[in-house]
Amino acid sequence: MSRTRNAALLLAAVALLALAGCSGKDKEQADNPGGAVIRTTQDPNGLRGAALDRPYAMPAQTLTDTAGNSFNLVTSTKKPVTLVFFGYTNCPDVCPTVMADVASALTKLDEPVRDQVQVLFITTDPSRDTGPVMRKYLDRFDPAFVGLTGSLTEIKTIAKAVGVPVEGMKKLPSGGYEVGHGAQVLGFGKTDKANVLWLSNAAIGDLAHDFGKLVADNQ
């Protein structure tokens with residue numbers, strides 16, 4: 001298979017899988033990915049995630065953490081590596097799987113390395129995800145994970161800036177609702193640029209390898 005063919009297949013896979021969201025029903029977005037990340041190549045630096053040909057810059061916007069304090073996405077992220085995921089606590093499948101995988105991968109790193117990584121969970125469902133609700137949810141995975149909220153407009157703006165599609169609420173027959181969103185984890189370095197992302201089906205071993213390498217590369 002040619003190099004061009006390989007790149008085309010990888011691009012198609014990222015465009016579709018990154019849009020899986022919690023409901024697994026984003027056919028319309030897959031047909032028209034919009035803000036989805038599709039500029040990917042195999043990483044020449046040995047990372048196992050999808051490398052971005054054009055890095056995403058972290059927006060210098062301020063949200064609110066689970067304790068009610070202001071949290072700026074640039075000035076409040078003090079560690080060399082920041083991992084960002086958009087999701088919500090009522091997400092039935094993808095969100096808990098991704099958060100559990102990230103937490104598990106971090107446990108595979110030596111503590112001094114693990115301490116150089118900050119994980120941000122930005123809710124896509126701010127009307128239900130209050131600070132206490134997010135804190136209780138994130139503590140199931142790792143008490144060090146930071147939960148952030150704001151208005152849905154603010155969150156959509158931030159998500160769009162880093163290539164993550166976020167839908168509004170979709171009512172369910174049960175009377176509840178779900179929120180479609182991209183399921184990728186973005187990896188930012190000390191320059192507040194993301195050069196790599198991982199899809200929701202990334203292997204825990206690959207995540208651990210890449211998290212450790214990002215820390216080493218950002219010292």
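A residue counts as buried when its relative accessible area is under 20%. With that in hand, let's walk through this predicted model, starting with its aromatic rings.

The structure holds four aromatic pairs. Two of them are set side by side here.

| Pair | Centre to centre | Angle between planes | Description |
|---|---|---|---|
| Phe 85 and Phe 121 | 6.2 Å | 35° | tilted |
| Trp 198 and Phe 211 | 5.2 Å | 90° | edge-to-face |

Phe 85 sits in strand 5 and Phe 121 in strand 6, so their pairing joins distant parts of the chain, 36 residues apart. Phe 85 and Phe 121 are both buried. They also belong to one aromatic cluster, together with Tyr 137 and Phe 141.

Why is the pair of Trp 198 and Phe 211 edge-to-face? Planes over 60 degrees apart count as edge-to-face, and the planes of Trp 198 and Phe 211 stand at 90°. This pair, too, links distant parts of the chain, with Trp 198 in strand 11 and Phe 211 in helix 7, 13 residues apart. Trp 198 and Phe 211 are both buried.

Which residues of helix 7 are buried? They are Leu 207, Ala 208, Asp 210, Phe 211, Gly 212, Leu 214 and Val 215. Their cover includes strand 5 (81-87), strand 6 (117-123), strand 10 (185-188) and strand 11 (193-198), along with helix 3 (94-107) and helix 4 (111-114).

Definitions and conventions
Residues are numbered from 1 along each chain as its sequence is written. This is a predicted model: local features need pLDDT of at least 70, side-chain atom pairs count only at pLDDT 80 or more; totals for chains, interfaces and linings use all residues. Side-chain values use heavy atoms; hydrogens and water are left out. Buried means under 20% relative accessible area, exposed over 50%, partly exposed in between (1.4 Å probe, protein chains only). Helices (H or I, at least four residues) and strands (E, at least two) are DSSP runs, numbered from the N terminus. Contact means heavy atoms within 4.5 Å. Rings of Phe, Tyr and Trp (its six-membered ring) pair if their centres lie within 6.5 Å; planes under 30 degrees apart count as stacked, over 60 as edge-to-face and the rest as tilted.
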